[in-house]
Amino acid sequence: MKTRLTCPCGTTVTGADEDELVARTQEHLAQEHPGMEYDREQILFIAT
Ligand SMILES: [Zn+2]
């Protein structure tokens, strides 16, 4: 299961599971990178 993702800005986003990781990544994007949107599939593709 993927629970960690490093954003291109250097921020590491982690979640307890994939659902949380996706939610927290979308939250980070909304706050730090307005206009950048990724769907679940794209987020999990770059997650580790
Ligand atoms: Zn970022």
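The following dialogue explains how to read several features of this predicted model.

Student: What kind of model is this, and how are its residues numbered?

Tutor: This is a predicted model, in which local features need pLDDT of at least 70, side-chain atom pairs count only at pLDDT 80 or more, and totals for chains, interfaces and linings use all residues. Residues are numbered from 1 along each chain as its sequence is written, and side-chain values use heavy atoms, with hydrogens and water left out.

Student: How many helices and strands does the chain have?

Tutor: Helices (H or I, at least four residues) and strands (E, at least two) are DSSP runs, numbered from the N terminus. Here the chain has 2 helices and 2 strands, and their order from the N terminus is β-β-α-α. The C-alpha trace spans about 25 × 20 × 15 Å along its principal axes.

Student: How should I read burial, and is Phe-45 buried or exposed?

Tutor: Buried means under 20% relative accessible area, exposed over 50%, and partly exposed in between, with a 1.4 Å probe and protein chains only. Of the 48 residues of the chain, 27% count as buried. Phe-45 is found in helix H2 and counts as exposed because its relative accessibility is 69%. Between Phe-45 and Thr-12 there are 15 Å in space, C-alpha to C-alpha, and the two are 33 residues apart in sequence.

Student: Which residues make up the largest nonpolar core?

Tutor: A nonpolar core is a set of buried Ala, Val, Leu, Ile, Met, Phe, Trp, Tyr and Cys residues joined through side-chain atoms within 4.5 Å. In this structure the largest one has 8 residues: Leu-5, Cys-7, Val-13, Leu-21, Val-22, Ile-43, Leu-44 and Ala-47. Helix H1 (18-32) and helix H2 (40-46) are the elements that give two or more residues to this core.

Student: What is Leu-5 in contact with, beyond its neighbours within four places in sequence?

Tutor: Contact means heavy atoms within 4.5 Å. With those neighbours within four places left aside, the partners of Leu-5 are Thr-11, Thr-12, Val-13, Leu-21, Thr-25, Ile-43, Ile-46 and Ala-47. Across the chain, among contacts between residues at least 6 apart in sequence, 24% join residues at least 24 apart.

Student: Which side chains does a polar contact of 3.2 Å join?

Tutor: A polar contact is a pair of N or O atoms within 3.5 Å; within protein, one must be able to donate a hydrogen and the other to accept it, and residues adjacent in sequence count only if both atoms are side-chain atoms. Here the side chains of His-33 and His-28 are joined in this way at 3.2 Å. His-33 lies in the loop between H1 and H2, whereas His-28 has its place in helix H1. His-33 is buried because its relative accessible area is 17%, and His-28 is buried, with a value of 11%. Not counting residues up to four places away in sequence, His-33 touches Cys-7, Cys-9 and His-28.

Student: How many cavities does a search of the whole structure find, and what lines the largest?

Tutor: On a 1 Å grid over the protein atoms alone, a cavity is a set of points where a 1.4 Å probe fits but cannot get out, and lining residues have an atom within 4 Å of a point. The search finds 1 cavity of 30 Å³ or more, and the largest cavity has a volume of about 60 Å³. Its lining consists of Leu-5, Cys-7, Pro-8, Thr-25, His-28, Leu-29, Met-36, Tyr-38 and Ile-46. H1 gives the largest share of this lining, 3 residues.

How values were computed
On a 1 Å grid over the protein atoms alone, a cavity is a set of points where a 1.4 Å probe fits but cannot get out, and a pocket is an open set with protein on both sides within 12 Å along at least five of seven lines; lining residues have an atom within 4 Å of a point. Grid points are joined across faces, edges and corners, and a volume is the space filled by probe spheres set on the points.
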